[in-house]
Amino acid sequence: FNWVQEQSRLPSQRAENEDERRLGQWIRNQGTSFKNGKLDDTQLAKLGRVRGMSACIDRWSTAPRNSWDKACTKLHNWVKYHGRLPREKSPDKAERSLWVWIHSQRQSIKRGKLDEAQLAELSQVQGMAERIDRWSAAPREQW
């Protein structure tokens, strides 16, 4: 990555310079590939040798979990304040957004994408343990 050596920084995908912008977009695409499990160990090692990329790889590794934790905390606080789970048909945009997030967790559970720690954390939200039990007991075709 000669560009990084010459500029002493990683390229930006928002740069005015077209070459820099393309390189920045390429890095963003590598992040997407990483998050989707499409980078092998050799590719990851090569990226890690580029100055500044180790920090990017660390962010890619923690971003999904941090995002999930924030959403779960937001749900927990909302339920604690309102005393109930969010409703799909609510006129409140924030409440509907939380309902959508809950629904996406149902899909994640169905696909086996939540780890034990996430399931335990989600179960701590008032009303969610019962809902998770119902989802788990329902035949797959009803999901």
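Trainee: Which side chain does E18 meet in a salt bridge?

Mentor: That's R22, at 2.2 Å from N to O. By salt bridge I mean a side-chain nitrogen of Lys or Arg within 4 Å of a carboxyl oxygen of Asp or Glu. Before we go on: this is a predicted model, where local features need pLDDT of at least 70, side-chain atom pairs count only at pLDDT 80 or more, and totals for chains, interfaces and linings use all residues. Residues are numbered from 1 along each chain as its sequence is written, and side-chain values use heavy atoms, leaving out hydrogens and water.

Trainee: Okay. How are E18 and R22 placed in helix α2?

Mentor: They're four residues apart there, so about one helical turn separates them. Helices here are DSSP runs (H or I, at least four residues), numbered from the N terminus.

Trainee: And is R22 buried or exposed?

Mentor: R22 counts as exposed, at 52% relative accessibility, while E18 is partly exposed at 40%. The cut-offs are under 20% relative accessible area for buried, over 50% for exposed, and partly exposed in between (1.4 Å probe, protein chains only).

Trainee: How many salt bridges does the structure hold?

Mentor: Three. One of them joins the side chains of R9 and E20, at 2.6 Å from N to O. R9 sits in the loop between α1 (2-7) and α2 (18-35) and E20 in helix α2, so the pair ties together parts 11 residues apart in sequence. E20 is buried, with a relative accessible area of 8%, whereas R9 is partly exposed at 38%.

Trainee: What about R84, which residue does it pair with?

Mentor: E95, with the closest N and O atoms 2.7 Å apart. R84 is in the loop between α4 and α5 and E95 is in helix α5, so this pair also links parts 11 residues apart in sequence. E95 is buried at 5%, and R84 is partly exposed at 25%.

Trainee: Switching topic: how many residues are in the largest nonpolar core?

Mentor: It has 17, and L75, W101 and M128 are among those with the most contacts inside it. A nonpolar core is a set of buried Ala, Val, Leu, Ile, Met, Phe, Trp, Tyr and Cys residues joined through side-chain atoms within 4.5 Å.

Trainee: Which helix gives the largest share of this core?

Mentor: α4, with six residues.

Trainee: And what does M128 touch?

Mentor: L75, L85, I102, L122 and W135, not counting residues up to four places away in sequence. Touching means heavy atoms within 4.5 Å.

Notes. Helix = DSSP H or I, 4+ residues; strand = E, 2+ residues; numbered from the N terminus.
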